[in-house]
Amino acid sequence: MSFINISADGVELSTEEVKRYSRHLILPDVGVEGQKKLKASSVLLIGAGGLGSPLAMYLAAAGVGRIGIVDYDTVDFTNLQRQVLYSTEDVGKTKLEVAAARIKGINPFAQVDTYNEPLTSYNAKKIFAPYDIIIDGTDNFPTRYLVNDASVMLGKPNVYGSIFRFEGQLSVFGMPDGPCYRCLYPEPPPPGLVPSCAEGGVLGVLPGIVGTMQAAEAIKLITGVGTPMTNRLLLFDASEMEFNEMRLRKNPNCVLCGDNPTVTELIDYEVFCGMPAHDHSTYNNGVVEESDIEVRQMSLQTLKSRLDAGEDLLILDVREPHEWEISNLSNHGSFLIPKGKVLERIAELDPNVEMVVQCRTGGRSADVIRQLVPHGFNNLWNLDGGINGWATEIDTSIPTY
Amino acid sequence: MKIKLFATLKETAGSGSIEMDVQETMTVAALVEQIGRQFPALKPGLTVSVVSVNRDFADMSTLVGAADEVAFFPPVSGG
């Protein structure tokens, strides 16, 4: 049987391909017919990061004929702990340039299409159109809702995977008889509630596990083997090595795929989620614009000059204790109160004393300032660039992370 | 009643499960209110989570009793 309509009519396997795919060809249920379907199939990967890495490599190796990848990023040292498409020497290169070469190296028969741009409501449908299957390996909520909505509107399966620290989720959305992401999560979480990998950390091997499971689901959809994850949500916890599964069903009240849909066109997903979709986004969380609280920025150079001049400046570090262990400004007298504890421990702070608030790059510290100002704190500075900026520009003996 | 918590909820609670004293059948919405009174920090995450009752997709109107297994799966976005 087949879950999606992929025709292998007229597709032939060369002698070289027969040899390459022999372990699939002798596998009952896949066989020559399944391998031809793989060759005839096209898959679009959203994101070439932790999930996208194993996806691209295994789908290429498996013989998927056409692989598209959407990602605008460049390779960074912090990617190497889990994004196995990239080598140390690739740092600084565009991800897609490296990914395309890597895929071609694994399987020269694969056609690789690269989309070196952020996925947006304007380009999503156009980019999705030629592909049989969409695979969601993105790293943020606005893009997840966008991928879901565009997949449903175009009637394409969305092989969903998402990770957090030690845990992962897997499902297949957008099938005619199954739910979509919005059936499960009609509303995005409030900004700040769910940390990203950059904020919360992630076990390096976790996207390897979840990404390969997504690849398995895609291959099953193409070849018609087994039972796809439609109507099921897998919850994987690497710390306990536990697999939990929940039976799902379409939500008849879903605004996208329910009985009376109200979302019929792609929307502005950054506004919907109240957060930017990517680092280069110009989206500014509405909370900031609406609030009259202006966060004063102190440049790294200014802080250095003032410390060098012997000024007794208080530096409040609002990161988590395990981040403090990686790097800190304790030699300049900084002290730690994690962002989530600041209001609880507000009594330890003197609202009249000038204070520089600092985190990793400057985002959380700005949030803390917005929390403190209404409590009478009027002499706060946000360290522009955070400790990573300090470590890059001022004191290179401090590691960045 | 044993309530299983995942991802951010597990981190906030410091444990993968919490015990709630549930005497009579109630809706998931009422259960969320009760948990929120005892553990206020969990409330925001609970209200945006997928809920399962005995491993079946449930919603705020689903009825639960002391013998049911209730789990909350908050959204996660990493990739």
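Predicted model: local features only at pLDDT ≥ 70, side-chain atom pairs only at ≥ 80, totals over all residues.
A charge sits over a ring if NZ of Lys or CZ of Arg is within 6 Å of the ring centre and within 35 degrees of the ring normal.

Residues are numbered from 1 along each chain as its sequence is written, chains are lettered from A and ligands numbered from 1 in the order in which they are written, and side-chain values use heavy atoms, with hydrogens and water left out.

Okay, aromatic pairs: over all chains there are 9. Rings of Phe, Tyr and Trp (its six-membered ring) pair if their centres lie within 6.5 Å; planes under 30 degrees apart are stacked, over 60 edge-to-face, the rest tilted.

Take A:Tyr115 and A:Tyr131: ring centres 6.4 Å apart, planes at 80 degrees, so that's edge-to-face. Are these two buried or exposed? Buried means under 20% relative accessible area, exposed over 50%, partly exposed in between (1.4 Å probe, protein chains only). A:Tyr115 comes out at 16%, so buried, and A:Tyr131 is buried too, at 1%.

Next, A:Phe236 and A:Phe243: centres 4.7 Å apart, planes at 40 degrees, so this pair is tilted. A:Phe236 is buried at 2%, while A:Phe243 is partly exposed at 48%.

There's also one aromatic cluster, with A:Tyr145 and A:Phe272 among its members.

Now back to those charges. A:Arg296 lies over the face of A:Trp381, 3.8 Å from the ring centre, and A:Arg360 lies over the face of A:Tyr401, at 5.6 Å.
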